[in-house]
Every structure is written in structure tokens, then in C-alpha cells.
Amino acid sequence: MRKPRSAARVAVLDPDGAVFLFRYDNEEVGVHWAMPGGGLERGESPREGARRELGEETGWTDLEPGKLLCTWEHDFTRAGVPVRQHEHVYVCHGPRREPTDDAAAVHAEEKILAWRWWAPEQLARATEAVWPPDLAELLAALRKSA
């Protein structure tokens, strides 16, 4: 039986529309790309958790989660525990930059292998798994509505 877990993530978009993603390696689902984010702490709203996680994983404390892009659920194993994770995914716009050096310890703990900015056309052609799987389409729809 999977343990329910609430989480939040942030799709950080640079001025050209590229999205910032981390490359993770998970014991159950393997290598995949996902936005900065993670589990909510007790009493924390999804937006508060998204802001905290973004700061912890990137060092970017000057960005504010904006519009809710989507919610989705997925299964994976975290620290040996099978979970069913419900995520709120927010959008924010910011400059194109690298994570700060302060985030390196979090990357090691969370099994973050790499990071990169993905242009819309690169994301649409991704050959490795991206979470959520329809992220390219969600961001394309967002661009069209802007």
C-alpha cells in the first residue's frame, strides 16, 4: 500500500520560455526530469511549500510561485517508502541562471543528478521521462493563452 504524500513544484520560465528542470534518479521509476519542488511540511499550503522547496533546491529566494499550472498524481518510492504523491504545480517567471552553491547538499540528498534549462522545442522532443508527462503541452497552452 502506498503512503499518500502532498507536494508542490514550480515551473520556472526564463524570458525566452525555457523551463528549468532537475534530472533525478529514483529507485522505483528510474531517471526522469522534474521541476524544483517536493513534499509539504505540516501545516504548509501548496504555494508555501512550492516557495520553500524552490529556495532549498535552487537557492533562488527572490521568485514567487504564480498561477497554478496543474495538479497531478503519480507513484514512486521515496527513501524506501512507496508513495502516491499529489502535486500542485505553479508557474513563475525569472531570469536564466544556475542554482546557487548553497543547494549542492540538497541535490546530493534528493538524488538530483543534473539540471538544465529546456527550450519549448527541446522539451517537446525529450527522450527521457519528464514529470508531469504532459508538461510540454501544458506550457504550450500557457504560452498560447498569454
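For me exposed means over 50% relative accessible area, buried under 20% and partly exposed in between, with a 1.4 Å probe and protein chains only. Helices (H or I, at least four residues) and strands (E, at least two) are DSSP runs, numbered from the N terminus.

A note on the source: this is a predicted model, in which local features need pLDDT of at least 70 and side-chain atom pairs count only at pLDDT 80 or more, while totals for chains, interfaces and linings use all residues. Residues are numbered from 1 along each chain as its sequence is written, and side-chain values use heavy atoms, with hydrogens and water left out.

Which residues of H4 are buried? I found Leu135, Ala136, Leu139 and Leu142. Seen down the axis of H4, these fall within an arc of 125°, so they line one face of the helix; the arc is taken from the directions from the helix axis to the C-beta atoms. An α-helix has 3.6 residues a turn, so residues three or four places apart point the same way. I then checked their partners: the buried residues of H4 pack against S1, S2, S5, S6, helix H3 (120-124) and S8, where contact means heavy atoms within 4.5 Å.

I moved on to Val91, which lies in strand S6. At 6% relative accessibility, Val91 counts as buried. Leaving out residues up to four places away in sequence, Val91 touches Ala11, Leu13, Glu64, Pro65, Gly66, Lys67, Leu69 and Leu142. I also looked along the chain: Val91 and Val81 are 10 residues apart in sequence and 29 Å apart in space, C-alpha to C-alpha.

Strands S5 (residues 68-78) and S6 (residues 81-93) pair in the antiparallel sense over 10 bridges; to pair, two strands need at least two bridges found by DSSP. Asp75 stands opposite Arg84 in S6. The hairpin has 2 residues between the strands, and Ala79 takes a positive phi near 50° there. Is Ala79 buried or exposed? At 75% relative accessibility, Ala79 counts as exposed.

**Other backbone notes**

Most residues other than glycine have a negative phi, and most peptide bonds are trans. I noted Lys111 with a positive phi near 60°, in the loop between helix H2 (104-109) and strand S7 (112-118). Lys111 counts as partly exposed, at 46% relative accessibility. The peptide bond from Trp131 to Pro132 is cis, with omega near -10°. Pro132 sits in the loop between strand S8 (129-130) and helix H4 (135-145).

**The largest pocket**

How many residues line the largest pocket? I found 24, of which Tyr24, Phe76, Arg78, Glu109 and Glu110 lie nearest its centre. The largest share of the lining, 4 residues, comes from S5. By kind, the lining divides into 5 nonpolar, 8 polar and 11 charged residues; Ala, Val, Leu, Ile, Met, Phe, Trp, Tyr, Cys and Pro count as nonpolar, Asp, Glu, Lys and Arg as charged, and the others, Gly among them, as polar. A pocket here is an open set of points on a 1 Å grid over the protein atoms alone, where a 1.4 Å probe fits, with protein on both sides within 12 Å along at least five of seven lines; lining residues have an atom within 4 Å of a point.
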